[in-house]
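Thanks for coming, everyone. I would like to take a few minutes to walk through a structure that is new to this group, so please have a look at it first.

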Amino acid sequence: MAVVLFMLAGIWGYIVQHKNKDNPHYRFYTWGLLSKLLAGTIFCILYLTVYEGDPLDYFHGMNALNNVAADNFGHYLNLLFKGNQPEFFSYFNNETMCPDRHMWVNSKSFFVIRFLSPFGMLGFGSYLITTMIISWVSFYFLWKMYITFARLYPNLDLKMAIAILFMPSVLFWGSSILKDAIIMAAVAMFTVSFLKIAVNGKLTIVSVFSILISSWLMINIKAYVLIAMIPGAAIWYAHGRILAIKSQFLRYTAYPLIMAGSLAIGILILSSLGSSFGDYGSMDKMVNKAKLTQEDLKRGEQYGQNYYDLGTIENSPSRLVKLMPKAIIAGLYRPFIWEARNPFMALSGLENLFTMLLSLSILYRARVIRMFSFIGRDPILIFTLLYTFMFSYGIGLASANFGALARYRIPGMPFLMLSLFVLDYY
């Protein structure tokens, strides 16, 4: 069945490329799709033979939920739409099997199981086939993101493809039965939809609906990703409107008003969604969540000894600012190649070495002042860089474990590489 799916993907890729043969950007479609499915296959093989953990737990939970559908569809609908209500656990039995306890009690983990349940049905209960289907769907949204940026930067379509479609860590962790595949699709959907609004200046029903759906997914799975995106999106939109003003006098006059208004709207959105963000609904909650996550990921018996320590996290502005440089560097570039303790960390270290050398090369050639000039002329760069730094700060501060960091950083990797490639071009 997996071989048949690969063949169908190859045929589908050929059809799509042939249909768009006059568009040079589509030359990456088939390779991008097959790379995504191959990454998912490798992930499955490794987790079925060498590793264990969340991917298999999610899969077992999906199968248990789908077995409930076969046993009593009404019970299945209750679980699907109402979630892990305590009284619903009785719907599981020896025949349906039960989701792992830690997946059931965690509402975000069980949300992933609920959301991926239909994909499990399409995969006929096969771990590999289900993974390949999820990878294919995730690729669809990443491809939309690639095409959007390739049209904006037509001279950089190869580098846009590398940034969005072919980064090894994004391919590996984003092609599996994990939160990451959903989050990558949601981030791509949000970015493409917001970009259409920001660049074209037009609100469409499809764009607004896509932003709402992608925001809903991020809130229910990894709220901190959306929190990192909103400030950059607000400044991006404001800066784009300012650059559209032809009069230089009006542009400088309107700059503080438009920027302040957009930031106020961004803050208002974050405040209004505060209760939905759960552990990330306030600064106190975010700092406490970061401390708990850091302590958990340092547990050697569970995660190994591949951890780092930035220092004590405290809800103090001075302390959080002091930790910022080390946290951002960790989120962007660690583990360094010399910190790798196993083959996976070595591969991650090589990828990080590439991004670090590219960053240093750009800083050396552009100098700080010229680089800010380039960024100021391109509103999209403002968004990608601000999101990258905010996101990297958060995961660098809280992750503590190199293994977890390699996975947690992937929603920011395409934006980091996009930013570096565009700055390198400038």
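Predicted model: local features only at pLDDT ≥ 70, side-chain atom pairs only at ≥ 80, totals over all residues.

Residues are numbered from 1 along each chain as its sequence is written, and side-chain values use heavy atoms, with hydrogens and water left out.

The protein has 20 helices and zero strands, these being DSSP runs numbered from the N terminus (H or I with at least four residues for helices, E with at least two for strands). Of its 426 residues, 52% count as buried, where buried means under 20% relative accessible area, exposed over 50% and partly exposed in between, with a 1.4 Å probe and protein chains only.

Now to the pair: helix α18 (residues 379-398) packs against helix α20 (residues 413-425) at an angle of about 135 degrees, their axes 9 Å apart. Axes here are lines fitted to C-alpha atoms, for helices over the stretch in contact, and angles run from 0 to 180 degrees between N-to-C directions. Among the residues that meet are Leu381 and Phe383 in α18, and Phe415 and Leu416 in α20, contact meaning heavy atoms within 4.5 Å.

Finally, Met121 is found in helix α6 (residues 107-122), and at 37% relative accessibility Met121 counts as partly exposed. Beyond its neighbours within four places in sequence, Met121 is in contact with Asn66, Ala69 and Tyr76.
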